[in-house]
Amino acid sequence: MKVSNHLWKDRLNGRIAPQLGAEIDAYENEIALKKQGKLDDKVFAEARLRRGSYGQRYDNGFRHDGIERRKLGYTTDLTKGPGTVWDAPGMQRIKIPFGGLNAEQLEAIADLAEEYSVGVAHITTRQDFQLHYIHIEDTPTIMRRLAAVGITTREACGNTVRNVTGCPLAGVCRDQAFDVTPYAKALAYFLLGHPDTQDFGRKFKIAFSGCDTNPCALVHIHDFGCIARVREVDGQTKRGFEVYVGGGLGTVPYQAKLYDEFVSEEELLPLAQSMARVFARLGEKKNRNTARMKFLVAKLGMEEFKRLVNEERAMLARDSRWTAYIEHVDRGSDGPLRPAQLLQISATEPEDFRAWKASNVYRQRQFGYATVTLTLPLGDITSSQLRTVATLSRKYARETVRNTTEQNIVLRWVSEKDLPALFTELKVAHLAAPGAGTIVDPVACPGTDTCKLGISSSRGLAGELRLRLAQSATARQEEIRGLHIKVSGCFNSCGQHHIADLGFYGVSRTKDGYSAPHFQVVLGGQWSDNAGSYGLAIGAIPSKRVPEAVDRITSRFLRERQSDETFQAFIRRIGKAECKAMLDDLTVLAPPGQDPGAYTDWHDVRKYNVGDMGTGECAGEVVSRLDRELAASEREAFEAQLAEEKGDAERAASLAYQAMLRGAAALLDWRSFPVPKNADEVVAAFRKEFYDTQLFFDPFAGGKFAQYFFGAHTHKDEPHTLEVSHRLIEEAQLFIECCHSSTQRISSATLA
Amino acid sequence: MQHLSVKIFEQSGAELNSSSAIAVFHRWIQRGHLKELAIDVADYAHIPCGPGVILVCYDGSYALENVGGRYGLQYQRKSRLDVDHQQALRAAYDLAVAACQRVEGEPEFKGHKFDPREFSITWNDRALYPNTDESWAHVQPGVATFLDNLLGARQYQLTRTGEDRRERLSAEVRETPQGAAR
């Protein structure tokens, strides 16, 4: 940690809002108390999470180095949470409401990345910044330096209202109903630290979009999503929002449901507050796996949920903040620095400028101005580059910078005439790469690089795809360029794989006692229409073969596309069975002796999580039998997708349930327990041997996946809608993944 | 004197291959080559002219990087070191040089050469060492003494790198022809 930490408090005195300063002081005191052993691990962990100080991979003090799992030799026994070593590097998340930043803030983040991290800031899919490899004792100073430029990390993690996201083009978008920026800002700061948002069982995510067609804010994957609307009321044009609730990705994605077609601007904040009160009062608290708002809405039903929200609304005492900001909204969130002038078309326009302009420049609704996107590889930007962005934002615009949900940065209000000069300066800073928001600009969560939950290297895969696609003739074709690739390191969807044209999430498979990183391929998700629909997994492919899969899918789309057919329509037309058949040979994992590379992850030379596993002949045979049964389970889950594709909800639900039942039976058999013939008895035996013993518990999700199975069994004879059967298929896939991972864990523990 | 970074420049001008760097740093962890606690390998090679591949350790980190478009090995001290100015410089410099020698001995980096007489120093703490003339005047005598001992008096060129107040205080050191001819 920095020896200068104590200097900053005095140095920044008077530059930090008193409330923010007091909160950081309190947090610093909590750190001191924890060091003195006067604060419980769980209490401290929640306190730091609420301040955005998150754990990072290997912070339990152990790391597998490719040969064996070794204890990292930290000299202190102090912890900063259950099983979390005090001195282990962590991550600091920095909330940036609607992604909006000014030059001073960019410079502050640049300084922090340099002095406390590794000189790189990472932009997330929620428009936050993240700094990695941070020492917990540096975090109060980091927070003070951020607070001095008007940034808070409060409620960046934990069971809180997370960063409020918004369309980065809000205010300059050609399709918007109006600029949602002031509303997003007002709601973000109204709910920040609000007493009604302090007792949630899980996080709560909010998004604002100016239109319903463009995907910039992804409203349908949010707990509370707002789409700008205008309506004539008594001859007056009124602003309001179409409000959606109960959406979310996570392990099993839920599409948000329409709550109200038009909530007036005056009612927006009180409605959010009322909903927060219902969520705090009735949301699940004990089982975090069913604690998101989506489960509460599903459990209560929309009508009852609305009744409860209205009941809360009626009880609220009026708060002047609900409407105080509205009189200022027409001032616009930002504006130009330089006069509007059109770009002079030149016959000798350089090719690199032309390519960059085609993909990275958006013509604003305001004549003569453009928004420029800076393509950041894997969402990463260096301190030096951040300072360049700050400089250019002062030179060419009025410091109008925003982070995007695609992990890039936009610079708004650039006079079109300035584009060539800006391009030249961006080039010097290596910030002028073309292809923003195209297939060569994949989104990826941190995955195994730094995340404790990562199963496969999402950044490794995305980085590899980025390099290969940049060289691919297929990827340069207009039909392919616009496709989106999103990669998550695990089923938790931080990389938003469900809403990509080509989505991937990390899983693992074993062969001959050795594990190999894989990715489930998710096809048919919809990025447009604010994340209009979700894709489904069609099969797991060894990590190293995913680029081949991408090439095969895109080449076939290019070859067989009919007129203006979209990628989603193409996938629907050829059907999931054909998609699966197209990739079947790629799913085969060669034995370690034949293809050792398949047993390491991208950009990592370590053997993938296998060093402490044995390869006994007997174990090999048993695993092989288990594998056959689990493969049969996967087939059934896939057949469920085919039934769903045909609109047969009952058959889809039945097959999904059968897939889980088969998986459960396979595990019983593998552990040499008698396998009953009756389903009730299989469930009971599975509960006794795998759930009650916690053998089937995921290290982070606990018993969630077993609960999917129990729920499916309980409700198997009830009628199923297509929506419910879709969810059951997702749950079946996750249950089967857990069968794979739990057998690996049990084998490892047995052999250790 | 805290939180110093020392970057020793690679002389051949050839790219420091990131795949090789990843393999080498993982191997150092596996074989316990470093005395300090090595935690993980971080790959940022996808950023042009960026921090490259980093071996993250508890007390500091080692990076085979390309910041400023110039390849080199950087050691960056993170944890507190209760020694005086020259000892802190010496400690950071020695760790960087030792790491360079180790890299040169790795088969993946055969042919690469790091010259310990050409390097940069960065004071990675804006509170203690802002990039000002006063700061520079404050640190310069200590740096000069360190360099006199290392390279010989007046046998080197010490240049402050830039005066942009936003950047960290930093300097480049190059042995002069007289020094090289010793």
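In chain B of this predicted model, confidence reaches its lowest point in helix H4 (residues 177-180) of chain B, with a mean pLDDT of 68. Its highest point in chain B is strand E3 (residues 52-57) of chain B, at 98. Averaged over chain B, the pLDDT is 94, and 97% of the residues score at least 70.

Next comes the contact between the two chains. Chain A contributes 45 residues to the contact and chain B contributes 36 residues. Between them, chain A and chain B bury about 3,500 Å², and 56% of that area lies on carbon and sulfur atoms. On the chain A side, the residues that lose the most area to chain B are A:Val3, A:Glu114 and A:Tyr133, which together account for 16% of what that side buries.

A:Glu114 also takes part in a salt bridge, with B:Arg126 as its partner; the closest N and O atoms are 2.5 Å apart. Seven salt bridges are counted between chain A and chain B. The count of residue pairs in polar contact between these chains, both residues at pLDDT 80 or more, is 21.

Which elements give two or more residues to the side of chain A that touches chain B? They are helix H1 (5-11), helix H4 (103-116), strand E17 (380-382), helix H12 (383-396) and helix H14 (458-470) of chain A. H12(A) supplies the largest share of that side, five residues. By residue class, the side of chain A that touches chain B consists of 16 nonpolar, 10 polar and 19 charged residues.

How values were computed. Residues numbered from 1 in each chain as written. Chains lettered and ligands numbered in written order. Predicted model: local features only at pLDDT ≥ 70, side-chain atom pairs only at ≥ 80, totals over all residues. Heavy atoms only, no water. pLDDT = per-residue confidence, 0-100. Helix = DSSP H or I, 4+ residues; strand = E, 2+ residues; numbered from the N terminus. Contact = heavy atoms within 4.5 Å. Buried area = accessible area lost by both parts, 1.4 Å probe. Salt bridge = Lys/Arg side-chain N within 4 Å of Asp/Glu carboxyl O. Polar contact = N/O pair within 3.5 Å; in protein donor to acceptor, adjacent residues only side chain to side chain. Nonpolar A, V, L, I, M, F, W, Y, C, P; charged D, E, K, R; others polar.
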